[in-house]
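Please read this briefing alongside the sequence and the 3D view, and look up each part as it is named.

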Amino acid sequence: MIEFPHNKRNTNGSVEFTAPSVLELTLPVKPIMLDMMVLDVLGLFLDNPTLSALPVLNDDKQFFGIISRRNYLNLMTKAFARELYARKTLYTLLESNAEIFVAPMLVHTHDRIDQVIADFLNRDPGIQYEALPVIGETEIVGVVKIADMMLRMSQSQGNLIETMQQLSARLNDEVANAATLQQNLLRPADIRLPGVRGLSTMMTSSEVGGDFYDYYLVDNRWVVMLVGDVSGHGIAAGTIVCAAKAAVNFLESEQVKEPHKILARLSNIIFNTAHQSLLMTMFALCLDTQTGELRYANAGHQFAYLYRAMLGRLDSLEIGGLPLGKNADTEYDQEITEMDLGDRLFLYTDSIVEEEDSKNECFGYERLEALLVNYADSDMATLHGQVLNALTSYLQRSVFYDDLTLFSIDYLEKTYGTTSAESAPAPKSHELGHKFIFDADYRSDPKLIPPIINRQELVFLAKNHFSDLIPSLSTQGVRRVLQQDHPINQLLGWETLLNQHQKKCPDDLAMLLRYPDQRREFELTHTEDKAFIIAEVDAWLQELGIPNQERIDAAVFLLDELIENGLCAAPRDAKGRALYPKGTSRELDADEKLRLDLTIQGSLLGISLTDTWGTLTPNVFLNRLTWHIEGFGLDSGLGGGGLYLIWRMSDYLQLRVFPNQQTQVCVFLDLINPFNPESDKGFQFLYHTELLEAINHEPV
């Protein structure tokens, strides 16, 4: 650490940086003893909102530790904790919660706050503690708040900047360390929270930047998102960013989720930090991942964009507000909209649109908006890369004159009261929110599914065996069943499978297996093509050296069933009657298309058959499964055994139908993992119709 002399000015006229001591900022706080009652300590914090920490002494009246307000309230505001420790002392609390008494460091009244802050950030870069214990000559005299030290440091920024400009290589090292510390304060750029995925891309124009982003989760349901920009950049702006980060950590500990309240609290802190010498803009949002409700407020920042996937439309979330730190007490308006699954939020800082080319013309909003629409279906890394490429191409330079931040969030899945982002227990029936049904809940209450639920969005999640439930599920029109622990979910992508109802892709095989190692395609023009194609595919698979011959045999069997269904079962008249008996030899009509595709990607073999009839319905498919599961087998004149066998012989079956336009049946086989034809397999029938669908058995 660089040691700054305490005199104001050297004989050569250079300005030296001076920092106040801890004593000037110490808040007198009377220490408590370990024999104090737990709820009495809770009362001290609740009765005094400004009390950030309490030093703790042992029986010898020596310093033992410090109880942080944030850590204590995080535990003791829970009903079970208050009940557990209702008549207990801190000794009992210490036995099972020793971390509550930990102090990252002990500071002395004569310590300089710049040195204390640097040491503290090295020990606690996430700023989990809001105060430190302070010791005088012989005893604890109080605590010092981290935020207070940062605020006081900001008041000396002018001298600090001038001093740092005069330092040589050692100073450059310190600046680099400051930049590293600031980066460590930011949360991971890869955002993974319940129901959402996101990405942040930040580029600073100097070692220490003034751009800011943050996010946190409230009650495993509400996702709070913040993107901000301090006026200017460099060390001074970086200090304000650190103050904002410390404040956001405190707001997170209090579980504050309303955007307008977040901005009001931050504005007061920035005002007291910078005294209007620096301002900060910020856009704040909160997404309820259970309902899709999105609340937002703005403090002078560029409007956020919301791309509505179903409508193919880009909306600007327009709302105004003063920058943070403009006034001591500022109130902010708040608006509400809704996000649908598949929608994307995009936030950014002003340098994107305000960077100028050699003709002093800005990149502008129109270019940015066109990119957001053109790459709306791309992953976020591709989108961010295309925005940066377009900007550098327009400017004809790769150096930006201001800090730059891109922040995207995709809403992928509705949540239902999960307890963590990593592992979520099955929600209770009253928490289902008309989206997911778990097999355990359904077995206990088969009437769990109201008839008004859109069957396209309803997913039945099974743990293991579920075929005995298919007759009942069929009656209720459930046509999307996925096994939670099946290996193929990881191979195809769990989120991709859950979001299939949002797609209207004419080629699911190409969408699900995007990076094929091998691919074959066949167009059928005559029923006699079937034998040739099956033989051709069999020879192709044998040449590939697939070690599991049983899977090759299964693939050949599936080819036979798929092609036969496409040739004879799909063509139907206006009354739904088959036009061609099984085994009919015929040439396909000019407007009748039948295409077979095969793809190998890694260990997966995917087979799809696409026809231009679109006559298969969910009820017909579900009835075929039901008949066989109930032991009726093949009914004379009805057929349908092929659909059941296709389901049994695949690892995952997906059917997508555009009525009277197209049917595509996709089957997937894992060529490596063990296969059991008797085990139940996941299936999804996606039926794209605007008509209200009946949920009872469809007569044949």
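Four strands form an open sheet in the order E1-E7-E6-E5, with mixed pairing; strands (E, at least two residues) and helices (H or I, at least four residues) are DSSP runs numbered from the N terminus, and two strands pair if DSSP finds at least two bridges between them. Strand E1 (27-28) and strand E5 (107-108) stand at the edges with a single partner strand each, so one side of each has no neighbour in the sheet. This is a predicted model, in which local features need pLDDT of at least 70 and side-chain atom pairs count only at pLDDT 80 or more, while totals for chains, interfaces and linings use all residues. Residues are numbered from 1 along each chain as its sequence is written, and side-chain values use heavy atoms, with hydrogens and water left out.

**The open sheet and its helix**

- E5 pairs with strand E6 (residues 131-135) in the parallel sense over two bridges, and Val107 stands opposite Val134 in E6.
- Helix H6 (residues 146-154) lies across E1, E6 and strand E7 (140-145), and it runs at about 65 degrees to E7; axes are lines fitted to C-alpha atoms, for helices over the stretch in contact, and angles run from 0 to 180 degrees between N-to-C directions.

- Strand E14 (residues 304-308) is mostly covered, since five of its five residues are buried, where buried means under 20% relative accessible area, exposed means over 50%, and partly exposed lies in between (1.4 Å probe, protein chains only).
- In a regular strand the side chains alternate between the two faces of the sheet.
- In E14, Ala304, Leu306 and Arg308 point one way while Tyr305 and Tyr307 point the other way, and all are buried.
- E14 and strand E15 (residues 313-317) run antiparallel and are joined by five bridges, with Tyr307 opposite Leu314 in E15.
- These two strands, E14 and E15, form a hairpin with four residues between them, and Gly312 in the turn has a positive phi of about 60 degrees.
- E14 also pairs with strand E17 (residues 344-348) in the antiparallel sense over three bridges, and Leu345 in E17 is the bridge partner of Leu306.

**Two packed helices**

- Helix H21 (residues 618-629) packs against helix H22 (residues 641-649) at an angle of about 80 degrees, with their axes 8 Å apart.
- That angle makes H21 roughly perpendicular to H22, a label for angles of 65 to 115 degrees, whereas those under 35 count as roughly parallel, those over 145 as roughly antiparallel and the rest as oblique.
- From H21, Phe621, Arg624, Leu625, His628 and Ile629 meet Gly641, Leu643, Tyr644 and Trp647 of H22, where contact means heavy atoms within 4.5 Å.

**The surroundings of Ala189**

- Ala189 is placed in the loop between helix H8 (169-185) and strand E8 (190-193), and it counts as partly exposed at 32% relative accessibility.
- Not counting residues up to four places away in sequence, Ala189 touches Gly198, Leu199, Ser200 and Tyr213.
- The C-alpha atoms of Ala189 and Asp214 are separated by 9.5 Å, with the two residues 25 residues apart along the chain.

**The chain as a whole**

- The protein chain has 22 helices and 27 strands, and buried residues make up 52% of its 700 residues.
- Among contacts between residues at least 6 apart in sequence, 68% join residues at least 24 apart.
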